Amino acid sequence: MWLSLKNARILCQAITKVLCTIDEKNADSYKANFAAYSEKLSSLDKEYEETVKNAACKTLLFGDRFPFRYLTDDYGLSYYAAFAGCSAETEASFKTIAFLSAKTDELFLPAVCQIESGNGKIAETIIQNTKAKKAKVLTLDSMQSTTKADIANGTSYLSIMQKNLEVLKEALGE
(Lines give C-alpha, C1' and ligand atoms only; values in the text may rest on other atoms or scores of the structure.)
Protein backbone atom coordinates (compact mmCIF):
# COMPACT_ATOMS: atom_id res chain seq x y z
CA MET A 1 0.00 0.00 0.00
CA TRP A 2 2.98 2.30 0.47
CA LEU A 3 3.51 2.41 -3.28
CA SER A 4 0.42 4.61 -3.57
CA LEU A 5 1.04 8.33 -3.23
CA LYS A 6 -2.61 8.74 -2.31
CA ASN A 7 -2.28 6.23 0.53
CA ALA A 8 1.00 7.80 1.64
CA ARG A 9 -0.81 11.11 2.12
CA ILE A 10 -3.60 9.41 4.12
CA LEU A 11 -1.04 7.63 6.32
CA CYS A 12 0.96 10.81 6.90
CA GLN A 13 -2.22 12.64 7.87
CA ALA A 14 -3.12 9.90 10.38
CA ILE A 15 0.41 9.92 11.85
CA THR A 16 0.30 13.71 12.14
CA LYS A 17 -3.02 13.53 13.98
CA VAL A 18 -1.63 11.02 16.49
CA LEU A 19 1.57 13.01 17.00
CA CYS A 20 -0.44 16.17 17.62
CA THR A 21 -2.50 14.31 20.21
CA ILE A 22 0.44 12.87 22.14
CA ASP A 23 2.70 15.93 21.79
CA GLU A 24 0.40 18.96 21.80
CA LYS A 25 3.31 21.31 22.48
CA ASN A 26 4.73 20.63 19.01
CA ALA A 27 1.43 20.19 17.18
CA ASP A 28 1.90 23.30 15.04
CA SER A 29 5.25 21.98 13.82
CA TYR A 30 3.77 18.58 12.95
CA LYS A 31 0.91 20.23 11.08
CA ALA A 32 3.27 22.50 9.15
CA ASN A 33 5.52 19.56 8.25
CA PHE A 34 2.52 17.55 7.11
CA ALA A 35 1.24 20.44 4.98
CA ALA A 36 4.61 20.81 3.25
CA TYR A 37 5.03 17.06 2.71
CA SER A 38 1.44 16.66 1.60
CA GLU A 39 2.05 19.30 -1.08
CA LYS A 40 5.04 17.32 -2.37
CA LEU A 41 3.01 14.10 -2.42
CA SER A 42 0.14 15.81 -4.26
CA SER A 43 2.49 17.36 -6.79
CA LEU A 44 4.12 14.02 -7.55
CA ASP A 45 0.69 12.37 -7.73
CA LYS A 46 -0.31 14.91 -10.39
CA GLU A 47 2.85 14.07 -12.35
CA TYR A 48 1.90 10.39 -12.27
CA GLU A 49 -1.61 11.24 -13.46
CA GLU A 50 -0.23 13.32 -16.34
CA THR A 51 2.23 10.61 -17.30
CA VAL A 52 -0.50 7.99 -17.53
CA LYS A 53 -2.85 10.39 -19.32
CA ASN A 54 -0.19 11.05 -21.99
CA ALA A 55 1.13 7.48 -22.21
CA ALA A 56 1.12 5.57 -25.48
CA CYS A 57 0.01 2.44 -23.64
CA LYS A 58 -1.68 1.87 -20.30
CA THR A 59 -0.31 -1.57 -19.44
CA LEU A 60 2.68 -2.71 -17.41
CA LEU A 61 4.13 -6.17 -17.76
CA PHE A 62 6.27 -7.65 -14.98
CA GLY A 63 8.62 -10.55 -15.42
CA ASP A 64 8.80 -10.68 -11.65
CA ARG A 65 6.73 -10.36 -8.50
CA PHE A 66 4.13 -7.62 -8.52
CA PRO A 67 3.89 -5.36 -5.44
CA PHE A 68 2.54 -2.40 -7.42
CA ARG A 69 -1.20 -3.14 -7.28
CA TYR A 70 -2.11 0.06 -5.42
CA LEU A 71 -0.08 2.16 -7.85
CA THR A 72 -1.73 0.63 -10.92
CA ASP A 73 -5.18 0.97 -9.34
CA ASP A 74 -4.57 4.64 -8.51
CA TYR A 75 -3.87 5.51 -12.14
CA GLY A 76 -6.09 3.05 -13.99
CA LEU A 77 -3.26 0.97 -15.42
CA SER A 78 -3.60 -2.63 -16.52
CA TYR A 79 -0.89 -5.12 -15.66
CA TYR A 80 0.33 -8.65 -16.21
CA ALA A 81 2.88 -10.34 -13.98
CA ALA A 82 4.80 -13.57 -13.70
CA PHE A 83 3.80 -13.85 -10.03
CA ALA A 84 0.95 -12.37 -8.03
CA GLY A 85 1.89 -9.88 -5.33
CA CYS A 86 5.07 -10.72 -3.46
CA SER A 87 4.93 -14.44 -4.21
CA ALA A 88 7.78 -16.58 -2.92
CA GLU A 89 7.98 -18.45 -6.25
CA THR A 90 11.24 -18.07 -8.12
CA GLU A 91 10.58 -19.74 -11.44
CA ALA A 92 7.81 -18.92 -13.88
CA SER A 93 6.20 -21.76 -15.79
CA PHE A 94 6.62 -22.20 -19.52
CA LYS A 95 2.94 -21.33 -19.90
CA THR A 96 3.41 -18.06 -17.98
CA ILE A 97 6.47 -17.06 -20.04
CA ALA A 98 4.63 -17.83 -23.30
CA PHE A 99 1.57 -15.85 -22.17
CA LEU A 100 3.62 -12.80 -21.10
CA SER A 101 5.71 -12.91 -24.30
CA ALA A 102 2.52 -13.00 -26.38
CA LYS A 103 1.10 -10.05 -24.40
CA THR A 104 4.30 -8.09 -24.98
CA ASP A 105 3.91 -8.69 -28.73
CA GLU A 106 0.15 -8.11 -28.81
CA LEU A 107 0.33 -4.80 -26.93
CA PHE A 108 3.63 -3.65 -28.51
CA LEU A 109 5.02 -3.07 -25.04
CA PRO A 110 8.37 -1.25 -25.00
CA ALA A 111 9.46 -2.80 -21.69
CA VAL A 112 9.21 -5.72 -19.34
CA CYS A 113 9.55 -4.63 -15.73
CA GLN A 114 11.17 -6.19 -12.71
CA ILE A 115 11.54 -5.11 -9.10
CA GLU A 116 14.79 -3.84 -7.62
CA SER A 117 15.66 -7.18 -6.04
CA GLY A 118 14.98 -9.13 -9.23
CA ASN A 119 17.75 -10.73 -11.23
CA GLY A 120 16.12 -10.05 -14.61
CA LYS A 121 16.18 -13.68 -15.80
CA ILE A 122 12.41 -13.99 -16.19
CA ALA A 123 12.11 -10.56 -17.83
CA GLU A 124 14.91 -11.43 -20.27
CA THR A 125 13.32 -14.81 -21.04
CA ILE A 126 10.01 -13.09 -21.80
CA ILE A 127 11.74 -10.67 -24.17
CA GLN A 128 13.71 -13.44 -25.89
CA ASN A 129 10.43 -15.20 -26.62
CA THR A 130 8.81 -12.17 -28.29
CA LYS A 131 8.83 -11.69 -32.05
CA ALA A 132 10.80 -8.42 -32.04
CA LYS A 133 13.06 -9.16 -29.05
CA LYS A 134 13.45 -5.38 -28.61
CA ALA A 135 11.72 -4.61 -25.31
CA LYS A 136 13.90 -3.29 -22.52
CA VAL A 137 14.10 -4.59 -18.98
CA LEU A 138 13.22 -1.74 -16.62
CA THR A 139 13.35 -1.77 -12.84
CA LEU A 140 10.71 -0.29 -10.55
CA ASP A 141 11.63 0.09 -6.89
CA SER A 142 9.20 -1.51 -4.45
CA MET A 143 11.17 -0.15 -1.48
CA GLN A 144 11.45 -3.65 -0.06
CA SER A 145 15.24 -3.54 -0.36
CA THR A 146 15.88 -0.01 0.90
CA THR A 147 18.57 -0.10 3.56
CA LYS A 148 19.66 2.21 6.37
CA ALA A 149 22.70 3.02 4.25
CA ASP A 150 20.45 4.07 1.36
CA ILE A 151 18.56 6.40 3.69
CA ALA A 152 21.81 7.77 5.13
CA ASN A 153 22.88 8.53 1.54
CA GLY A 154 19.73 10.57 0.88
CA THR A 155 17.27 8.01 -0.44
CA SER A 156 13.74 8.93 0.57
CA TYR A 157 10.21 7.88 -0.20
CA LEU A 158 9.83 10.83 -2.55
CA SER A 159 13.14 10.19 -4.33
CA ILE A 160 12.21 6.55 -4.96
CA MET A 161 8.74 7.47 -6.19
CA GLN A 162 10.23 10.16 -8.46
CA LYS A 163 12.65 7.59 -9.89
CA ASN A 164 9.76 5.16 -10.37
CA LEU A 165 7.91 7.87 -12.28
CA GLU A 166 10.81 8.18 -14.73
CA VAL A 167 10.82 4.40 -15.21
CA LEU A 168 7.04 4.43 -15.65
CA LYS A 169 7.33 7.03 -18.41
CA GLU A 170 9.65 4.74 -20.34
CA ALA A 171 7.62 1.60 -19.63
CA LEU A 172 4.43 3.24 -20.90
CA GLY A 173 6.08 4.69 -23.97
CA GLU A 174 5.63 8.35 -23.11
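## Salt bridges in helices

Helix H3 holds both arginine 69 and aspartate 73, which sit four residues apart, about one turn of the helix. This is a predicted model. The two side chains form a salt bridge, with the closest N and O atoms 3.2 Å apart. Arginine 69 is partly exposed at 43% relative accessible area. Aspartate 73 is partly exposed too, at 47%.

Helix H4 has a pair of its own. Glutamate 106 and lysine 103 are three residues apart there, about one helical turn. Their salt bridge has its closest N and O atoms 3.3 Å apart. Glutamate 106 is partly exposed at 49%, whereas lysine 103 is buried at 14%.

## Other charge pairs

The whole structure has seven salt bridges. One of them joins arginine 65 to aspartate 64, with the closest N and O atoms 3.4 Å apart. Aspartate 64 is buried, with a relative accessible area of 5%. Lys6, Asp45 and Glu49 are linked in a salt-bridge network.

## Positive phi

Most residues other than glycine have a negative phi. Phenylalanine 108 has a phi near 50 degrees. This residue lies in the loop between helix H4 and strand E3 and is exposed at 74%.

Methionine 143 has a positive phi of about 70 degrees. Its place is the loop between strand E4 and helix H6. Methionine 143 is buried at 17%.

## Nonpolar surface patch

Met1, Trp2, Leu11, Ile15 and Tyr70 form a nonpolar surface patch with about 510 Å² of accessible area together. Tyrosine 70 lies in helix H3 and is partly exposed at 44%.

Definitions and conventions. Residues are numbered from 1 along each chain as its sequence is written. This is a predicted model: local features need pLDDT of at least 70, side-chain atom pairs count only at pLDDT 80 or more; totals for chains, interfaces and linings use all residues. Side-chain values use heavy atoms; hydrogens and water are left out. Helices (H or I, at least four residues) and strands (E, at least two) are DSSP runs, numbered from the N terminus. Buried means under 20% relative accessible area, exposed over 50%, partly exposed in between (1.4 Å probe, protein chains only). Patches are made of residues with over 30% relative accessible area and no salt bridge: like charges are joined within 9 Å, nonpolar side chains (Val, Leu, Ile, Met, Phe, Trp, Tyr) within 5 Å. Accessible areas come from the Shrake-Rupley method with a 1.4 Å probe; for residues, only the protein chains shown count as cover. A salt bridge is a side-chain nitrogen of Lys or Arg within 4 Å of a carboxyl oxygen of Asp or Glu.
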